[in-house]
Amino acid sequence: MARAITNNRKIINTTAAWLIGLLIFFPILWTILTSFKTEAQAIASPPLFVGFDWTLENYQVVLERSNYARFLWNSIFIAGGSTLLGILIAVPAAWSMAFVPSKKTKDILLWMLSTKMLPAVGVLYPIYLLFIKMGLLDSILGLTIVLMLINLPIIVWMLYTYFKEIPVDILEAARMDGASLRSEILYVLTPMALPGIASTMLLNFILAWNEAFWTLNLTAAKAAPLTAFIASYSSPEGLFYAKLSAASTMAIAPILVLGWFSQKQLVRGLTFGAVK
Amino acid sequence: MATQHSRSAARMMMAPAVILLLGWMLVPLTMTLWFSFRKYLPLRGGDMGWVGFDNYVSFFNSSSFWPSIQTTLLIVGGVLIITVVFGVLLALLLDQPMWGQGIVRILVIAPFFVMPTVSALVWKNIFMDPVNGLFAHLWKFFGATPVVWMSQASMESIILIVSWQWLPFATLILLTATQSLDSEQLEASEIDGARPLQRFFYIILPHLGRALTIVILIQTIFLLAIFAEIFVTTGGAFGTKTLSYLVFQRVLESQNIGLGSAGGIYAVILANIVAIFLMRIVGKNLDT
Amino acid sequence: MGSITLKKVTKSFDKTEVIRPLDLQIDDGEFVVFVGPSGCGKSTLLRLIAGLEDITSGSIEINGTDATSVPPAKRGLAMVFQSYALYPHMSVRKNIAFPLKMAGLDKKEREKKVTDAAAVLNLTDYLDRRPGQLSGGQRQRVAIGRAIVREPDAFLFDEPLSNLDAALRGNMRLEIAELHQTLATTMIYVTHDQVEAMTMADKIVVLQAGVIEQVGSPMDLYREPANVFVAGFIGSPAMNLIEGPEAKSRGAKTIGVRPEHFDLSMDGGEWRGVVGVSEHLGSDTFLRVEVEGIGTLTARADGEFPARHGDTVGLTPDPERIHRFDEAGLRISS
């Protein structure tokens, strides 16, 4: 609101917002703090906020003992692979919908989105069975494909909204300039839509990274990503607060950073363009 | 812009996405539908043939069905009320002029990016553990007896955890919608003598109408399917078994595929009812 | 080479026919202007020739060979869009070189042609800028540059000047006309502005509601409009069209007199009326005159003419230049 307000009100606003903001953020902050404590300090009573011996020991232990690197790589491969694969399939589809619309375009788009609404448990066993039959259970490839499929509607949708903003004239100009369809998409559309494509990829990477139904149900030891690695801490014998915190911090830190960059795209992608 | 060339090219280029999604939807769903009409226990005799609607009837009549529906509705309803009410308030607060707005925004949004298994575990152990959890310390500090959250207040715990994860989503979308409200409209209403509460009910809330509907519908769809939060915390015990979780248990834990599949179909129907409303809104938006 | 022949071409969107069966011959080296009010189908016709839209029936020949189903990239035509449609992510140099790159020319050749084109179009100093950093006129030149490097058989212009301000428009009009003199390539130019049509064209095609109303040189159209529509559309200010007893007495449904074909006088005159508005430009004087039984007429006098609001003046139409039209609106030749 572009009007003058008193400094007093601004101070009240600021205080209230910061208090609530910190309260909401506190669990994350506390987890990060705990990850630097010793196990004894982590459960000390009363709890220690800053006056503890900062240590990196938990990180070392988690890294050495639990094959953390493999889970991390699995997460990166699965989230990254499903994103790339999804983009490759979605760019041509979104091109078609945005630039050669027909009467069916709208229905197809809505239908695609509606597949996203299908509850996963409804198809859990068939997918499980198919995965066993095809030898995809507990494989990175299988999980990559599934995560690509569940996020494909969002990728197509987001790209569609970004492509819609590009004037058709420019693509027609390319056609008149002698560009083949491939050149048109490669040299003209893609560079122009690059910011949109990048944010689509970012959001999709985040969604895939945090996905916790298929990653838990379709993996065992080999292809398990970080979601499953963290879930393994829920068994009581493995429970150490400081180490759990260190592992958690490592699992969420990259995504927190990426997520903060993609706030705006998040709204666009998750509301299917209905809120701008 | 539409020539035969570009139209046929368009069809070709749309084909992979359409075929993949069609396959992804139809193949497993048809299989689930097929299994739901059969007595199928892979570990105890395998596929024992056609049983008609028996699975649907026994899933419906089982002692777990109604509690699971109740649990589902409680979680969905509870989380919706909390996230929507606090989301609106937070969005209005964050829209006010203040220092460090960008940072506060980041703090508020952060929980949405935490993977579900992490947030469930951190809450369960570091906060809600009856001995070493932060809440236990807090209770003891005020001289109260610590709550054994996961068993005594299991539903409240799960609603709290899930609300914490989804509050940022509601806030972010409602904030985006709030920011698109023309400030002149508010100023005009102020000149017309509307008081803050009146401004909220007559101007701000109607403006947020569509964003609120979207938030409610999208959250409902995701909340109907929450899994990891229950899997990691209570494992479905202490009355926290949702419909989705019940189906999961029937299918993967007790390996009663027929029964689980019938339950899966119920879940699909439930989600579709919500999805139809959501699609209608999104579809309307497509025209403009 | 750059001759284009349209044979019985039609175009429908869904069920609405935007181009009715239409024949048109465009000869090599001609400057042809499609002109008409908005929605008349002139841009659609250009896009049909470009290949950006399919024709519904009929055929299009380019240089004597059937090009009806040839994709736009292979028709050997270049197009300048109303929005210029420059590639925003490429420098001016790359924009102009793009068609050459698509044609598979090597880097050296591309560089040479771009440099030449830039020199012709005064763009040499701007080659490394992005389109976003250029003025409207410069963007227009880049769009033209991108078209000429291809050495196409014909240029298609879709209302290229409509986004420029009035002063620039005049300049660009001259530049495009000069370009046509130099290159002597076929040009097809779409506009709704009849001044552009009159000043630039070898041949004007007047379109209305998907139908060609008349084809001819600017002066043909001015002197002998084929029907009431063309008569009213070509010429500025527009021709006075008069119906009623005055027309009947001359054996027509409608008669038309151009404002410049009146003899104006303070006294006497064939028709007398009261001046409503008078515009004195020095070089010309325009009067809106209310004549009883005929209606409001616009008249133009050379130089200064002393009439003011409320004066009564006499208008005498040049009898040689009264256009007569029949019931169907068609010209009655005298």
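**Entry 1: the sheet in chain C**

I began with strand β1 (residues 4–13) of chain C and found that β1 pairs with strand β4 (residues 57–62) of chain C in the antiparallel sense, over 5 bridges. I note here that I am working from a predicted model.

I then looked up individual partners across this pair. C:T5 has C:E61 in β4(C) as its bridge partner, and C:K7 stands opposite C:S59 in β4(C).

Next I asked which strand β1(C) is joined to by 7 bridges. This is β2(C), and the two run antiparallel. I checked one position in this pairing: C:I4 stands opposite C:I26 in β2(C).

I also followed the chain from β1(C) to β2(C). The two strands form a hairpin, with 2 residues between them. In that turn I noted C:D14, which has a positive phi of about 55 degrees.

I wrote down the whole strand order for chain C as β2-β1-β4-β5, an open sheet of 4 strands with antiparallel pairing. Which strands lie at the edges? They are β2 (16–26) and β5 (65–66) of chain C, since I find each pairing on one side only.

I then looked for a helix on this sheet. Helix α1 (residues 42–50) of chain C packs on it and touches β1, β2 and β4 of chain C. I recorded its direction as making about 120 degrees with that of β1(C).

**Entry 2: chain C against chain B**

I turned to the contact between chains C and B, to which each chain gives 5 residues. I sorted the chain C side by class and got 2 nonpolar, 1 polar and 2 charged residues.

I looked up helix α1 (residues 7–35) of chain A and helix α3 (residues 65–95) of chain B. Their axes come within 9 Å and cross at roughly 135 degrees. That angle is why I list α1(A) as oblique to α3(B); to count as roughly antiparallel, the angle would have to be over 145 degrees.

By class, I counted 6 nonpolar residues and 1 polar residue in the contact of α1(A) with α3(B), and no charged residues.

Conventions: Residues are numbered from 1 along each chain as its sequence is written. Chains are lettered from A and ligands numbered from 1 in the order in which they are written. This is a predicted model: local features need pLDDT of at least 70, side-chain atom pairs count only at pLDDT 80 or more; totals for chains, interfaces and linings use all residues. Two strands pair if DSSP finds at least two bridges between them. Two residues are in contact if their C-beta atoms, placed from the backbone, lie within 7 Å. Axes are lines fitted to C-alpha atoms, for helices over the stretch in contact, and angles run from 0 to 180 degrees between N-to-C directions. Ala, Val, Leu, Ile, Met, Phe, Trp, Tyr, Cys and Pro count as nonpolar, Asp, Glu, Lys and Arg as charged, and the others, Gly among them, as polar. Angles under 35 degrees count as roughly parallel, over 145 as roughly antiparallel, 65 to 115 as roughly perpendicular and the rest as oblique.
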